[in-house]
Amino acid sequence: MDDVKEIRRGTLQEQTFYEQVGGEETFRRLVHRFYEGVAGDPLLRPMYPEEDLGPAEERFTLFLIQYWGGPTTYSENRGHPRLRMRHAPFAVDRAAHDAWLKHMRVAVEELGLSEEHEHTLWNYLTYAAASMVNTEG
Ligand code: HEM
């Protein structure tokens, strides 16, 4: 029995964060819920250049999957993320940052992750959002 426990423990430690939180389905749920918020947001919705939010949802989903250790489809399609550069065409001010995080908070909470996983994900998202601000507006 002790041997079996050893093996199980080792296997768990080798899992990526992506796998630990449930893989592709979890990130699809997260970003889908987030974009439901964006779709109804009077400040954020006009910032998205395409009429159909579907392709933006797909890009963001694939980015997060890659970031957390899943398949690297994002970079195969889009190249190096260079996220600050890619956001340069959009005026990301404090209000946009706050609205973005507000919708993201709802989406993260609905995942029902463990406290530790939720904390890890949220820390990253708040840090990344702050780093995307590019104007005082
Ligand atoms: C702080 C507020 C933010 C605003 C207002 C914002 C807004 C936008 C907009 C308008 C786009 C273009 C939509 C498209 O056509 O793809 C975009 C793209 C994207 N955003 Fe953000 N964003 C924010 C923060 C973030 C953060 C924190 C991340 C990463 C954790 C992120 C990841 C992405 C990605 C991966 C794309 C697609 C890039 C590509 O073209 O491949 N964004 N964002």
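Analyst: A residue counts as near if its C-beta atom, placed from the backbone, lies within 6 Å. Here 21 residues surround the ligand, and the closest are Ala 56, Phe 63, Ala 96, Trp 100 and Ala 128. Two or more shell residues each come from α4 (54-67), α6 (83-87), α7 and α8. The model is predicted: local features need pLDDT of at least 70, side-chain atom pairs need 80 or more, and totals for chains, interfaces and linings use all residues. Residues are numbered from 1 along each chain as its sequence is written.

User: Which element gives the largest share of the shell?

Analyst: α4, with 4 residues.

User: How do I read helix packing?

Analyst: Two packed helices are described by the angle between their axes and the distance between the axes. Helices α7 (residues 94-111) and α8 (residues 115-132) pack at about 165°, axes 10 Å apart. That makes α7 roughly antiparallel to α8 (angles over 145 degrees). Their crossing is right-handed, meaning the near helix is turned clockwise from the far one by less than a right angle.

User: Which residues of α7 meet α8?

Analyst: His 97, Trp 100, Leu 101, Met 104 and Val 108. Contact means C-beta atoms, placed from the backbone, within 7 Å. Trp 100 is also among the residues closest to the ligand.

User: At what angle do α3 and α4 pack?

Analyst: About 140°, with axes 9 Å apart; α3 spans residues 24-39. The crossing of α3 and α4 is right-handed.

Key. Axes fitted to C-alpha atoms, helices over the stretch in contact; angles between N-to-C directions. Parallel < 35°, antiparallel > 145°, perpendicular 65-115°, else oblique. Contact = placed C-beta atoms within 7 Å.
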